[in-house]
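Welcome, and please take a look at the chain below before reading on. A short briefing follows it.

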Amino acid sequence: MFRTKSILAALLIVVVSGSAASAQQKGDWVLGNYQGSGYWFAGVVDGVRGDKVTVQYDDGDRETLNRGNVKPYSWKVGTRVQCNFNGLGDWYDGKIAALSGANISINYDDGDKEKTTTGMCRSQ
């Protein structure tokens, strides 16, 4: 009996954790698959209606997406990203070296470094 209760409790934790990770609510920081491009940009959920989620991206753009194109924000130190170097429109590969809210430091693969914001970066 004790073993059965332990197994059921563990399953309940897994089920609850799994559904909480995919739920988006207003105010959640998320990654949105911008225009279905395969590039994930950071933003905040501005609204949820049925299976649609409106994301206010950190770069100022706004888009309404199907829930499947929105996932919890997961960038951390070491995450591979592409960033718009100096805001000039060219995207370069690198890794997050430091992260504090929307402020981000990037070590680019070519050796350059930059302090920028999450609105200037994307992931695949």
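Predicted model: local features only at pLDDT ≥ 70, side-chain atom pairs only at ≥ 80, totals over all residues.

Residues are numbered from 1 along each chain as its sequence is written, and side-chain values use heavy atoms, with hydrogens and water left out.

**Overall make-up**
- The protein has 1 helix and 10 strands, taken as DSSP runs (H or I, at least four residues; E, at least two) numbered from the N terminus.
- From the N terminus, the order is α-β-β-β-β-β-β-β-β-β-β.
- Of the 124 residues, 31% are buried, meaning under 20% relative accessible area with a 1.4 Å probe, protein chains only.

**The sheet**
- Five strands form an open sheet in the order E4-E3-E2-E1-E5, with antiparallel pairing; strands pair if DSSP finds at least two bridges between them.
- Its edge strands, E4 (62–66) and E5 (70–72), each pair on one side only.
- Strands E2 (residues 40–49) and E3 (residues 52–57) are antiparallel partners over 6 bridges, and Val45 stands opposite Val55 in E3.

**Asn33**
- Asn33 belongs to strand E1 (residues 29–33) and is buried, with a relative accessible area of 8%.
- Beyond residues up to four places away in sequence, Asn33 touches residues including Tyr39, Trp40 and Tyr57, where contact means heavy atoms within 4.5 Å.
- A polar atom of the Asn33 side chain lies 3.3 Å from the backbone nitrogen of Ser37.

Technical notes: Buried < 20%, exposed > 50% of the residue type's maximum accessible area, 1.4 Å probe, protein only. Polar contact = N/O pair within 3.5 Å; in protein donor to acceptor, adjacent residues only side chain to side chain.
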